[in-house]
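Subject: A structure for you to look at

Hello,

Here is the structure I promised to pass on. Please open it first, then read my notes below.

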Amino acid sequence: MTAPVRSGRNDAGARPANPANPTNPACLVNPACLVNLARRARLASRAAIRRAWFRRASGGSYLLPCLLLSAVLAAGCAAAPSAPRPDMPGAWSAEASGPSFASNGSGHECGSDAASSGSATGAATQPAHPGATLARWWGTFGDSVLDGLLDRAAAANFDVRIAAEKVREARAAAREAGASLGPTVTGSASGTRSRSGTGEAQSTGARDGNVYATGLDLAWEIDLFGRLRATREARVADAQAAEEDRRDTLVTLLAEVATQYVTLRQSQNELALTRDIAASRAETLALVTARRDAGLAGDIDVAQAAALWHAAQADVADYENSAWAALARLERLTGAAPGELRPVLELAAPIPVPTREVPVGLPADLLLRRPDIRAAERTLASTAADLAATTAERWPTLSLSATLGSQASTVNRLLSSGSGVWSVAPALGLTLFDSGATTARIEQADARREQAALTYLSTARTAVEEAEAALYAVDRQQRRLPDLAAVLEADRTALVLAWDRYRAGLTDFLAVADAERELSTAALTHVRARAVLATRAITLYRALGGGWAVPMDAAAVSATGPAPRSASSFAGPNTSPATFPATSGGTTS
């Protein structure tokens, strides 16, 4: 509690106190009055400077101080350096044009006729809907199970929830910085009992005494040169950068979930295809064994057929492990308990493929779409504001402290008319010498601002590079699919001819074994190529900044929906292994 300065009791017959008078205690609890006092103080100081200037300009004694003060005021009002503008290309390169995808029916289904499929790019392409955006790009895949997984991951993933808490922390820090612009009022109450020396007791008549005090204390730093305002702007920019980081985390998460879902469907399709190949080779082994028993084939033919069958059986275990690993990772990314998603995802389904054109737009659109670029820009704004706040430490600070309360020797006299006390203590502070510490802090803040500016430019350049590479990769993968489909058809025909020549006795079983191996490789390659196309499409959506418009507080949605389409079994030979190539690794038209 501040020591009493002046009693608040008026003499009898005194004129009523003016509410706007700084000596009036009522003015100390009126914010408008305090602001008026600060404004009057600034006006009075400026008037004094002007009077000193005109009065002493001829003698020059006050000329230098006035010039220094003018320089301080001008420096305090200097504008912060403007943010750099990334040099974005006007259009995408010719090699990276906007891709268009085939309908979802081009996904692999074991047991369908490949002759009716052609390439994945041969189907009619659905144009992008006029209102289509990148906010929910996964809707273009037309897979309800994928939709449910992404909605669930957006609500339950731990990384997204941690990022959301960081946003809440940053927003609270911004509110704290804004609160420093206003006054702080605290209440206090104290009681003191003291004993004085014998010499003082002779003058007062008593050695023991009590002092009780209560009141309100006000402290307020008036932001003359914008240091507090700049600090508040920096914390607001930090909160905005945290929000963009949360969105970037969400973009990365959704792309990762979709990629793992494609990996799961790829492994399931490869597993189903390999199991059917193994079943077909088992029938081939039985047929060759029967031919050997009839004297039409040798033991070497049986050994080669057995090797083919065991090789397929070994691949089955590998694909089972890949499918299990992808499923376990999906459960972790979506926040599901171990085994919770198995009833939904354990059945094989086609590999999802986008069904609409991608709204690529222009390279400059990445500045608005990609949250990592927006986060880098907000970080740059924060460092620029911190630089302004640090620079303002060079200039004087004006603070105002005031006390209004009561003081008495007994508690029951605290509210009496003669116990009121008050005090007002404006203070002006200026650092005159600190061995260059302030200059060093300003240089550090300026270096951080330059780092943030370079990071911003680098992030924008990297975004263009990633988008260009993703566009090019999707385009080239689409060009591969027709050739891979042609290879599959050629290997199917080669196997039919090899079986015909083997039955006619024109060749040995080695030609049939080679043709079966080539066909199996072509069928698996075709499945993997479609998975690669879907994965590259996801990478393209992620490079374009799609997916961050999902609300942060979205309700958890269970990854349910219509039962996934079960892949039909890989049809084995009915009468002879020659029927195997006609039913392998096809695509639905």
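First, a definition: a residue is buried when its relative accessible area is under 20%, exposed when it is over 50%, and partly exposed in between (1.4 Å probe, protein chains only). You are looking at a predicted model, so local features need pLDDT of at least 70 and side-chain atom pairs count only at pLDDT 80 or more, while totals for chains, interfaces and linings use all residues. Residues are numbered from 1 along each chain as its sequence is written, and side-chain values use heavy atoms, with hydrogens and water left out.

Start with Q260. Is Q260 buried or exposed? Its relative accessible area is 14%, so Q260 is buried. Q260 sits in helix 6 (residues 227–293). Helices here are DSSP runs (H or I, at least four residues), numbered from the N terminus. Q260 has contacts with A326, R329, L330 and L333, leaving aside neighbours within four places in sequence. Contact means heavy atoms within 4.5 Å.

Next, how helix 6 packs. The axes of helix 4 (residues 158–179) and helix 6 come within 8 Å and cross at roughly 170°. Helix 4 is therefore roughly antiparallel to helix 6. That label is for angles over 145 degrees; under 35 is roughly parallel, 65 to 115 roughly perpendicular, and the rest oblique. Axes are lines fitted to C-alpha atoms, for helices over the stretch in contact, and angles run from 0 to 180 degrees between N-to-C directions. The residues that meet include A163, V167 and R171 in helix 4, and V236, E243 and R246 in helix 6. By type, the residues of this contact divide into 13 nonpolar, 3 polar and 8 charged. Nonpolar covers Ala, Val, Leu, Ile, Met, Phe, Trp, Tyr, Cys and Pro; charged covers Asp, Glu, Lys and Arg; the others, Gly among them, are polar.

Now the salt bridges. A salt bridge is a side-chain nitrogen of Lys or Arg within 4 Å of a carboxyl oxygen of Asp or Glu. How many salt bridges are there by this rule? The count is 29. Here are some of them.

- D151 pairs with R136, with the closest N and O atoms 3.2 Å apart. This pair links distant parts of the chain: D151 is in helix 3 (residues 144–156), and R136 is in the loop between helix 2 (63–76) and helix 3, 15 residues apart. R136 is partly exposed, at 43% relative accessibility.
- D293 pairs with R292 at 3.4 Å between the closest N and O atoms. D293 is exposed at 58%, and R292 is partly exposed at 30%.
- R517 and D514 meet at 2.4 Å, N to O. Both lie in helix 12 (residues 509–543), 3 residues apart, about one turn of the helix. R517 is partly exposed at 37%, and D514 is partly exposed at 34%.
- R171, E243, E244, R246, R247 and R374 form a network of salt bridges.

Last, the nonpolar cores. A nonpolar core is a set of buried Ala, Val, Leu, Ile, Met, Phe, Trp, Tyr and Cys residues joined through side-chain atoms within 4.5 Å. The largest has 89 residues, and L345, L366, F509 and L544 have the most contacts inside it. Helix 12 gives the largest share of this core, 18 residues. L544 touches W92, L134, V358, V360, L366, R369, R370 and A467, not counting residues up to four places away in sequence. Another core lies apart from that one, with 5 residues, among them W220, I222, L398 and A402.

Best wishes

Methods:
Helix = DSSP H or I, 4+ residues; strand = E, 2+ residues; numbered from the N terminus.
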